[in-house]
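Please prepare a briefing on the pockets, surface and overall fold of the structure shown below.

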Amino acid sequence: MRSDMLNSILNDLNGTSADIEASGVISTDGLMMASQLPAGMDEDRVGAMSAAMLSLGDRTAQELARGELEQVLVKGNRGYVLMMHAGDEAVVTVLAKPTAKLGLIFLDVKRAAENIIKMI
């Protein structure tokens, strides 16, 4: 039931922009809670990488006195990976195209994270 509701939020998120290629909600320990990933993409790998990157981002922000972590952004030549906390227990991960308008995606992901926080 909760998984269906999380998938509904992700489906809405993916529908907000043609630049969003995939999304997932992952527990902070790396377990996939819900996902809208392309066929052939390994959920376990996405979950583990998201949790590891967010943990590293948290630590980096603390060690370098940057305050509380808001998001982690990775840019590759084939697109972006954006990770954002959804409360203390979950992470929202989004894969976006290299031409994505990041400002709009940040806003959409933040809204999705707020909805996820209400559910968890």
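On a 1 Å grid over the protein atoms alone, a pocket is an open set of points with protein on both sides within 12 Å along at least five of seven lines, and its lining residues have an atom within 4 Å of a point. Grid points are joined across faces, edges and corners, and a volume is the space filled by probe spheres set on the points. The model is predicted: local features need pLDDT of at least 70 and side-chain atom pairs count only at pLDDT 80 or more, whereas totals for chains, interfaces and linings use all residues. Residues are numbered from 1 along each chain as its sequence is written, and side-chain values use heavy atoms, with hydrogens and water left out.

**Largest pocket**
- The largest pocket has a volume of about 410 Å³.
- Its lining comprises 18 residues, of which Met41, Val46, Met49, Val81 and Leu95 are the closest to the pocket centre.
- At least two lining residues come from each of α2 (43-63), β4 (79-85) and β5 (90-96), and α2 gives the largest share, 5 residues. Helices (H or I, at least four residues) and strands (E, at least two) are DSSP runs, numbered from the N terminus.
- The lining contains 10 nonpolar, 4 polar and 4 charged residues. Here Ala, Val, Leu, Ile, Met, Phe, Trp, Tyr, Cys and Pro count as nonpolar, Asp, Glu, Lys and Arg as charged, and the others, Gly among them, as polar.

**Second largest pocket**
- The second largest pocket holds about 260 Å³ of space.
- Among the residues lining the second largest pocket are Asp58, Glu68, Glu70, Asp88, Phe106 and Lys110.
- β4 and α3 (102-119) each contribute at least two residues to the lining of this second pocket.
- The lining of the second largest pocket divides into 3 nonpolar, 3 polar and 5 charged residues.

**Salt bridge**
- The whole structure contains 1 salt bridge, defined as a side-chain nitrogen of Lys or Arg within 4 Å of a carboxyl oxygen of Asp or Glu.
- Arg59 pairs with Glu63 in a salt bridge, with the closest N and O atoms 3.1 Å apart.
- Both Arg59 and Glu63 belong to helix α2 and are 4 residues apart, about one turn of the helix.

**Overall fold**
- The chain has 3 helices and 5 strands, in the order α-β-β-α-β-β-β-α from the N terminus.
- The radius of gyration of the chain is 13 Å, close to the 14 Å that the globule rule gives for 120 residues, so the chain is as compact as a globular protein of that length. This radius is taken over C-alpha atoms, and the rule is 2.2 Å times the number of residues to the power 0.38.

Key. 1 Å grid on protein atoms, 1.4 Å probe; cavity = no way out; pocket = protein on both sides within 12 Å on 5 of 7 lines; lining within 4 Å.
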